[in-house]
Amino acid sequence: MIIKKLEIISFGKFSNKVIEFSDELNIIFGNNESGKSTVISFIYTMFYGFGDNRGKTLSLREKYTPWNGGVCEGNITVITDNGKNICIYRKAGSAKKYDILRVYDADTGEEYQMNPGDIIGVGQ
């Protein structure tokens, strides 16, 4: 699987941020507090969801509440091992049961009923 593009609509410090990756090696770097860990958490969230806190620690939905208000939302586009362009869209609801998830073919728009983690072979 190759990650092609991140579209961070709202997640932590980022709003309307697009990051495109090349087919080669990509490195995420920057100064302290520039958002490197936020980008990695966004990628994780697109595959596995925002979680819930169950009284222990902050969930990703709480930790990365957009600084400009609203809810966490975004897309990740990947190329699967069999060459399909898949887009994963997530939007956080007020609780896990209200989250929105769409997994679809980025070329045809065909919807898939699958756990996005299955795309990389590590479902949750």
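Student: What should I know about the model and its numbering before we start?
Tutor: This is a predicted model, in which local features need pLDDT of at least 70 and side-chain atom pairs count only at pLDDT 80 or more, while totals for chains, interfaces and linings use all residues. Residues are numbered from 1 along each chain as its sequence is written, and side-chain values use heavy atoms, with hydrogens and water left out.

Student: OK, what's the strand order in the sheet?
Tutor: The order is S2-S1-S3-S4-S5-S6, an open sheet of six strands with antiparallel pairing. Strands here are DSSP E runs of at least two residues and helices are H or I runs of at least four, numbered from the N terminus; two strands pair if DSSP finds at least two bridges between them.

Student: And which strands stand at the edges?
Tutor: Strand S2 (14-20) and strand S6 (111-112) do, and each has a single partner strand, so one side of each is left without a neighbour in the sheet.

Student: How many bridges join S1 to S3?
Tutor: Seven bridges join S1 (residues 2-11) to S3 (residues 73-79), and the two strands run antiparallel. Within this sheet, Lys5 stands opposite Thr77 in S3.

Student: What about S4, how does it pair?
Tutor: On one hand S4 is joined to S3 by seven bridges, running antiparallel, with Arg90 in S4 as the bridge partner of Gly74. On the other hand S4 pairs with S5 (residues 100-105) in the antiparallel sense over six bridges, and there Lys91 has Ile100 in S5 as its bridge partner.

Student: Why is S4 described as largely enclosed?
Tutor: Five of its seven residues are buried, so S4 is largely enclosed by the rest of the structure. Buried means under 20% relative accessible area, exposed means over 50%, and partly exposed lies in between, using a 1.4 Å probe and protein chains only.

Student: Which residue takes a positive phi in the S3 and S4 hairpin?
Tutor: Gly83 does, with a phi near 90 degrees, in a hairpin that has five residues between the strands.

Student: Switching to H1, how far does that helix reach?
Tutor: H1 has 13 residues and reaches 19 Å from its first C-alpha to its last, close to the 18 Å expected at 1.5 Å a residue, where the expected span is 1.5 Å times one less than the number of residues.

Student: What do its buried residues pack against?
Tutor: They pack against S1, S2, helix H2 (60-63), S3 and S4, and the buried residues of H1 include Val39, Phe42, Ile43 and Met46. Just after H1, Gly49 takes a positive phi of about 95 degrees.

Student: Ser41 is in that helix, so is it buried or exposed?
Tutor: Ser41 counts as buried, at 16% relative accessibility. Leaving aside neighbours within four places in sequence, Ser41 is in contact (heavy atoms within 4.5 Å) with Phe11 and Tyr64.

Student: Which side chain does Ser41 make a polar contact with?
Tutor: The side chain of Tyr64, at 3.1 Å. A polar contact is a pair of N or O atoms within 3.5 Å; within protein, one must be able to donate a hydrogen and the other to accept it, and residues adjacent in sequence count only if both atoms are side-chain atoms.

Student: Last topic, how many disulfides are there?
Tutor: The count comes to zero, a disulfide being a pair of cysteine sulfur atoms within 2.5 Å. The sulfur of Cys72 is 17 Å from the closest cysteine sulfur, in Cys87, which is too far for a bond.

Student: Are those cysteines buried or exposed?
Tutor: Cys72 counts as buried at 1% relative accessibility, and Cys87 counts as buried at 4%.
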